[in-house]
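Work through the exercises below with the model open beside you. Try each task before reading its solution.

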Amino acid sequence: MNNNLIRYITSRIKNSKFKCKNCGLCCKTSEIMLSAREIGGISYALNIEKEEFIKKFLELKKIHKTKIIENRIYEISGECYVIKKNNNGDCPFYIEKDNKSYCNIYEYRPIVCRLFPFTWEYFPDTNSINIDYSENGWNNCQGIEKNKQSNWDDIRDIVTGNVILSMIQSNELQMNGKLTQKLKIN
Ligand code: SF4
Ligand code: SF4
């Protein structure tokens, strides 16, 4: 899939800077979907059985999200495992200590977390991807400085690496027949 993959970025990425400020906001606001591979990886990291991990930390949730990229609207709908939030809305793996934010499973954190605040759209006919900020990211991420000269060259490899992992995860989620993604025509 990624051989000769053509990468495009949107103008709002070109006209902004991004550097994570470790504010932890994405760990308080994002819905974290997990593929079977990620469930296996995090259970391994926590040294518990997959079934125990699912029972304790996940819930099967009906998903209905819209994703807007360059004025096109995508709908993602179906069911998948998501991380159960604490009562205060935080991810259970999120830790705040001495005014700093930490992820308790950082090395194994899901691709949704790695990709934030970015998102992507894939065009199979040209084997190209269009990378943009997600709406939640654009509106809320503390690390985005709008109307600044881009530092895209500095983050290109990290972002596109995570985009490719996210594409793999998306295929995995769709392959289990529980999640579909379609372009919504208004
Ligand atoms: S909201 Fe943005 S700046 Fe804050 S931790 Fe998440 S990615 Fe980093
Ligand atoms: S898994 Fe880690 S990075 Fe992802 S939301 Fe939870 S605390 Fe944040």
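Predicted model: local features only at pLDDT ≥ 70, side-chain atom pairs only at ≥ 80, totals over all residues.

**Exercise 1. Where is N127, and what is its phi?**

Step 1. N127 sits in the loop between β7 and β8.
Step 2. Its phi is near 50°, which is positive although the residue is not glycine.
Step 3. N127 has 13 C-beta neighbours inside 10 Å, so it counts as partly exposed.

**Exercise 2. At what angle do helix α3 and helix α4 pack, and which residues meet?**

Step 1. Locate the helices: α3 covers residues 36-46 and α4 covers residues 50-57.
Step 2. Take the geometry. The angle is about 95°, and the axes are 9 Å apart.
Step 3. Classify. Angles of 65 to 115 degrees count as roughly perpendicular, so α3 is roughly perpendicular to α4.
Step 4. List the contact. From α3 come I39, G40, I42, S43 and L46; from α4 come K50, F53 and I54.
Step 5. Sort by class: five nonpolar, two polar and one charged residues.

**Exercise 3. Which residues surround ligand 1?**

Step 1. One part of the shell is C20, K21, N22, C23, G24, L25 and C26. The shell also holds F116, P117, C141, Q142 and G143.
Step 2. By class, the shell has seven nonpolar, four polar and one charged residues.
Step 3. Look at C23. It lies in the loop between β2 (16-18) and α2.
Step 4. Trace its contacts. Beyond four places in sequence, C23 touches S101 and Q142. C23 and Q142 are 119 residues apart along the chain, yet their C-alpha atoms are separated by 7.0 Å.
Step 5. Turn to G143, in the loop between α6 (135-140) and β9 (144-146). Leaving aside neighbours within four places, G143 contacts F18, K19, C20 and K21.
Step 6. Inspect P117, in the loop between α5 and β7. The peptide bond from F116 to P117 is cis, with omega near 10°.

**Exercise 4. Which residues are around ligand 2?**

Step 1. Read off the shell: C27, S30, I32, C91, F93, Y94, C103, I105, R109, P110 and C113.
Step 2. Sort by class. Nine are nonpolar, one is polar and one is charged.

**Exercise 5. How many residues has the largest nonpolar core?**

Step 1. The core has 30 residues.
Step 2. F118, I131 and V163 have the most contacts inside it.
Step 3. Identify the suppliers. At least two residues each come from α2 (25-29), α4, β4 (72-83), α5 (111-115), β7 (118-123), β8 (128-133) and α7 (152-175).
Step 4. Follow I131. Not counting residues up to four places away, I131 touches R7, Y8, I9, I13, F118, W120, V159 and V163.
Step 5. Buried residues make up 23% of its 186 residues.

Notes
Residues numbered from 1 in each chain as written. Chains lettered and ligands numbered in written order. Axes fitted to C-alpha atoms, helices over the stretch in contact; angles between N-to-C directions. Helix = DSSP H or I, 4+ residues; strand = E, 2+ residues; numbered from the N terminus. Parallel < 35°, antiparallel > 145°, perpendicular 65-115°, else oblique. Contact = placed C-beta atoms within 7 Å. Nonpolar A, V, L, I, M, F, W, Y, C, P; charged D, E, K, R; others polar. Near = placed C-beta within 6 Å. Core = buried A, V, L, I, M, F, W, Y, C linked by C-beta atoms within 7 Å. Buried ≥ 20, exposed ≤ 12 C-beta atoms within 10 Å, placed from the backbone.
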